[in-house]
Amino acid sequence: MKEELKNIADVFYVRILSPASRIDIMWVNKVFKELGIKDESIEKIAELNAPLSREVWYYSFIKAQEEGKLDAYLNRIVEITGFQESERIKKDLEALRLAYKNGVFKKNLFKIAVLVSGRGTNLQAIIDAIEEGKIEGKIVGVISNRKKAYALERAKKKGIPTYYLPARKGESREEYDKRLDEIISSLNPDLIVLAGFLRILSPWFVRKYKGRIINIHPALLPSFAGLYGEHVHRAVIEYGCKVSGCTVHFVDEKVDHGPIIVQKCVEVKDDDTPETLAARILEKEHESLVEAIKLISEDRIKVEGRRVIRIS
Ligand code: GRF
């Protein structure tokens, strides 16, 4: 996807910016004023008479889009350049806008791969946190072992590359993980997030990505390890626990076991059902996962044995 979008960017650069050279930052500034778009950054760059770089170019159309004036902006481009394929321009620009929002063109962004099997509300929380600027990073790929996982749809909607990797009959965990690794290594993520991924990773994979895989578990570990979904909440209620919650932890070779990064609690109420408890915990899961990814991406934790210490 990155390559494809880079090509589109190049086409634009060649087709619109370079040959004309009639479009420079002064022009962008002038048209923005014409359209009533106020933007300090563009004004400042115009004052400096700096060249119209690709980044400024992307920025200008995103701004125009946000102001609901992209069409007018593009029409002026077409007018000035005499370039007639405006429909195509609009389509290409839309793809670029999406890519820009997902950070494809930003350098050195923290890269996250997300592994899923289900509805993907935790994935959504990460997507939202990135869009809201809470996490400085980008999701480089979402991989699911289940074709119907709604998480894949959530990713597609945002232009994030998706991969469906079903298990093969009779295949060992390690064999699956070697195929998984073909995708992962091509994405080269800084962090692998298991967000409702219903597979246990092989020791081979866990060792290869030691300290770079995290998981979210809907209970307060080490209690109720190894259970998933509704089973966890049912077990918590049946045991008579007064609190439950969620745990984000590094993944090691034992299930639900690695060093704990973030935990959050909720009260277990007398009239709770597994569903009501799950719903309250899910809200905490979203907060916890975002918090953990933020801490890791900002390099604000260190691991000492089992303890994850925050560095302020
Ligand atoms: C969450 O409860 C998570 O703790 C568990 O699987 C569930 C995934 O939910 N590991 P979602 O697909 O992110 O909505």
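Helices (H or I, at least four residues) and strands (E, at least two) are, throughout this talk, DSSP runs numbered from the N terminus. With that convention, proline 222 sits in the loop between strand 5 and helix 11 (230-239). Most residues other than glycine have a negative phi, and most peptide bonds are trans.

Before I continue, a word on the basis of the values. This is a predicted model, in which local features need pLDDT of at least 70 and side-chain atom pairs count only at pLDDT 80 or more, while totals for chains, interfaces and linings use all residues. Residues are numbered from 1 along each chain as its sequence is written, and side-chain values use heavy atoms, with hydrogens and water left out.

Let me turn to the protein as a whole. The protein has twelve helices and nine strands. Of its 312 residues, 48% count as buried, where buried means under 20% relative accessible area, exposed over 50%, and partly exposed in between (1.4 Å probe, protein chains only). The protein exposes about 16,300 Å², and carbon and sulfur atoms supply 50% of that area. Accessible areas come from the Shrake-Rupley method with a 1.4 Å probe, and for residues only the protein chains shown count as cover. Contact means heavy atoms within 4.5 Å. Among contacts between residues at least 6 apart in sequence, 65% join residues at least 24 apart.

I come next to strand 4 (residues 191-194). Leu191 and Val193 point one way from this strand, Ile192 and Leu194 point the other way, and all are buried. Two strands pair if DSSP finds at least two bridges between them. Strand 1 (residues 110-116) is joined to strand 4 by four bridges, and the two run parallel. On the other pairing, three bridges join strand 4 to strand 5 (residues 213-217), again in parallel. Which residues are the bridge partners of valine 193? In strand 1 it is valine 114, and in strand 5 it is isoleucine 214.

Strand 4, helix 10 (residues 203-208) and strand 5 make a right-handed β-α-β unit. Right-handed here means that, with the strands pointing away from the viewer, the path from the first strand over the helix to the second runs clockwise.

Now the ligand. Which residues lie around the ligand? They are Arg119, Gly120, Thr121, Asn122, Gly196, Ile216, Pro218 and Glu285, a residue being near a molecule or strand if one of its heavy atoms lies within 4 Å of it. For polar contacts, the criterion is a pair of N or O atoms within 3.5 Å; within protein, one must be able to donate a hydrogen and the other to accept it, and residues adjacent in sequence count only if both atoms are side-chain atoms. A polar side-chain atom of arginine 119 lies 2.6 Å from an oxygen atom of the ligand. The side chain of glutamate 285 has an N or O atom 2.7 Å from a ligand oxygen atom. At isoleucine 216, a polar backbone atom is 3.0 Å from a nitrogen atom of the ligand. The protein covers 85% of the 370 Å² of accessible area that the ligand has on its own.

Strand 5 also holds asparagine 215, which is buried at a relative accessible area of 11%. Apart from residues up to four places away in sequence, asparagine 215 touches Leu194, Thr247, Val248, His249, Val251 and Asp256. The side chains of asparagine 215 and aspartate 256 make a polar contact of 3.4 Å.

Aspartate 256 itself lies in the loop between strand 6 (243-250) and strand 7 (260-267). Its phi is near 50°, a positive value in a residue other than glycine. Is aspartate 256 buried or exposed? With 14% relative accessibility, aspartate 256 counts as buried.

Asparagine 188 likewise has a positive phi, of about 50°, although it is not a glycine. Asparagine 188 belongs to the loop between helix 9 (173-187) and strand 4, and is partly exposed, with a relative accessible area of 44%.

I close with two helical residues. Arginine 179, in helix 9, is buried at a relative accessible area of 16%. Leaving aside neighbours within four places in sequence, arginine 179 contacts Leu165, Pro166, Ala167, Arg168 and Glu171. Valine 56, in helix 4 (residues 54-66), counts as buried at 12% relative accessibility. With the same exclusion of neighbours within four places, valine 56 is in contact with Ile25, Ile42 and Ile45.
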